[in-house]
Amino acid sequence: MSKAKLLVVEDDPNLGDILQEYLQMKGYEPTLCRDGEEGWNKFKKDKYDLCLLDIMMPKKDGFTLAKEIKKVQEDLPILFLTAKNQKDDIIEGLKIGADDYLTKPFSMEELLLRITAILRRTQKSTEVAPLKTYSFGDFVLHYDEQYIEGPEGKHKLTSKENELIRLLASEINKLVNRSHALKQIWGDDSYFNARSMDVYLSKIRKILKDDPKVQIITVHGEGFKLIVGEA
C-alpha cells in the first residue's frame with residue numbers, strides 16, 4: 001500500500017527540515033518546498049493526499065497558494081501552519097476551504113493527530129472494500145468468515161491475524177511498511193503493539209509452513225513481505 005503524499009510548503013528552513021524528517025519517520029512521503037511559488041510548481045507536477053501550508057511566505061503566500069490549488073483540485077485537503085492566531089486569519093482560511101489550522105509553536109504529536117484525522121476522513125470515500133477471498137500458493141484466506149484454508153485443512157483466525165494476512169495477501173511480493181501495518185490494524189505504532197504484531201506474525205508463519213512456496217520475510221528496519229514462489 002502506497003504512502004500518503006504530503007505537500008509541505010514552509011519557508012522557515014529549520015522547521016521545514018524538522019517537518020520533512022518527522023513525517024518521513026512516521027511513514028509519510030513529504031515533498032518540502034521553501035516558498036509558495038515552488039509549492040505551486042510541485043503541485044502541478046504531482047498528485048498529493050494533503051497540503052500543509054505556511055501562510056506568511058515569500059513569492060506567494062499560503063492563502064493565495066491554497067486558492068489556486070482549490071481551483072484545480074477542490075477536494076484536496078489543506079492544513080494551514082502559521083505563526084498567526086488572529087480570528088480574521090482563521091476565518092479567511094476556512095473560507096478558502098481549509099480542513100484544519102495549527103498555530104505555531106505546535107507539538108509534532110498534535111500535528112500527526114491532525115494529519116491522521118484529516119486523511120482518515122477524506123480517504124474513506126476512496127477506499128476499496130476488502131475482497132472476500134485472497135489466494136496465494138496453496139492457501140485461500142476467507143476474509144469475511146475469518147479462516148484460512150491450506151494443505152492441512154482450515155485454520156480459524158483471530159481478528160488481528162485475519163487483518164494481518166489480508167494486508168500481506170493484498171501486497172504479495174511487495175514490501176509492507178511496518179509502521180503502516182501497525183497503524184492500520186492496531187491504531188498506532190507503539191512499542192507494545194509492535195511486539196504484539198511480532199507474536200501474530202510468528203503464529204502466521206507456523207500456518208504458512210504447510211506450503212514451502214509461501215513465506216514471510218522480514219526486511220530489517222522497514223517491514224516484511226509475503227513471498228510466493230513458483231510451484
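1. In the predicted model, Arg178, Ala181 and Leu182 of helix α7 meet Asn193, Ala194, Met197 and Asp198 of helix α8; contact means heavy atoms within 4.5 Å. By class, these residues are four nonpolar, one polar and two charged. Ala, Val, Leu, Ile, Met, Phe, Trp, Tyr, Cys and Pro count as nonpolar, Asp, Glu, Lys and Arg as charged, and the others, Gly among them, as polar. Helices are DSSP runs (H or I, at least four residues), numbered from the N terminus.

2. The axes of α7 (residues 178-185) and α8 (residues 191-208) come within 10 Å and cross at roughly 95°. Therefore α7 is roughly perpendicular to α8 (65 to 115 degrees). Axes are lines fitted to C-alpha atoms over the stretch in contact, and angles run from 0 to 180 degrees between N-to-C directions.

3. Helix α6 (residues 159-169) packs on α8 at about 75°, with the axes 10 Å apart. This makes α6 roughly perpendicular to α8. Residues of α6 in this contact include Leu164, Ile165 and Leu168, and those of α8 include Met197 and Leu201. The contact has seven nonpolar, no polar and three charged residues.

4. Lysine 5 lies over the face of tyrosine 48, 5.8 Å from the ring centre (NZ of Lys within 6 Å of the ring centre and within 35 degrees of the ring normal).

5. Residues are numbered from 1 along each chain as its sequence is written. Local features need pLDDT of at least 70, side-chain atom pairs count only at pLDDT 80 or more, totals for chains, interfaces and linings use all residues, and side-chain values use heavy atoms, with hydrogens and water left out.

How values were computed
Helix = DSSP H or I, 4+ residues; strand = E, 2+ residues; numbered from the N terminus. Parallel < 35°, antiparallel > 145°, perpendicular 65-115°, else oblique.
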